[in-house]
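Here is a protein model to be read through a few questions about the terms used for it.

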Amino acid sequence: GKIGLRQQVTPSLLARATLSTGFRAPALLDLYGPVQAGVSAVINDPANCQGANAGNPDFCATQFNVYSGGNSRLKPEKATSFTLGFVAEPTPGFSVGVDYFRTTVKDLIQVLSETYILENEGQYGSRVTRGPSGEIIAIDQRLENLGKVNISGVDLDARAAWSTGAGKFSVGWSATYMSRW
């Protein structure tokens with residue numbers, strides 16, 4: 001949904017604000033994509049590539065089986081966005097706009113890297129299958145909802161238009177400054 005407010009403060013100054021929500025549903029492939037087997041980049045197993053096992057090719061500088069694919073338990077990504085700004089037209093044919101924006105997206109659909117999973121095995125241990133001697137059998141890299149992102153910044157816009165005997169001309173300039181992403 002979206003709600004917006006506009007207030008013509010003076011004939012040459014418009015104030016505006018919006019608050020909106022949105023979502024992105026997982027694609028069918030995100031939900032039901034087949035599980036695919038592959039291999040990781042050349043990495044170390046941080047749990048075992050140390051001490052007596054340092055340099056052991058079963059644990060160090062090797063590739064591990066990984067599988068990726070869809071996840072039927074994915075939730076939609078959800079977003080909330082807020083904007084606040086103004087447009088000033090000090091003279092006919094010339095306007096300047098400035099808008100602050102802030103957007104938060106939750107439940108991002110992402111893939112964790114195999115390195116991140118192994119370095120945080122205490123949290124993601126269910127994604128690592130190990131054999132009887134502690135060797136990695138496979139790493140699960142299927143999609144999941146992870147964290148959130150906050151984005152904010154300022155949009156700037158300037159426009160000028162004029163007429164001459166040769167026709168109508170206009171020029172515009174737009175820029176965005178991202179203060180957080």
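Q: In this predicted model, what makes strand β3 and strand β4 a pair, and in which sense do they run?
A: Two strands count as paired if at least two bridges are found between them. Strand β3 (residues 36-39) and strand β4 (residues 65-68) have four bridges, in the antiparallel sense, and A37 stands opposite Y67 in β4.

Q: How do you know that β4 and β8 pair?
A: The requirement is at least two bridges, and β4 and β8 have two, in the parallel sense, so they qualify as a pair. In β8, I139 is the bridge partner of V66.

Q: What makes F64 a contact of L118, I136 and I139?
A: Contact means heavy atoms within 4.5 Å. Leaving aside neighbours within four places in sequence, F64 is in contact with residues including L118, I136 and I139, so heavy atoms of F64 lie within 4.5 Å of each of these.

Q: Which residues are in contact with Q36, leaving aside its neighbours within four places in sequence?
A: Q36, which is found in strand β3, is in contact with V66, Y67 and S68 on that basis.

Conventions: Residues are numbered from 1 along each chain as its sequence is written. This is a predicted model: local features need pLDDT of at least 70, side-chain atom pairs count only at pLDDT 80 or more; totals for chains, interfaces and linings use all residues. Side-chain values use heavy atoms; hydrogens and water are left out.
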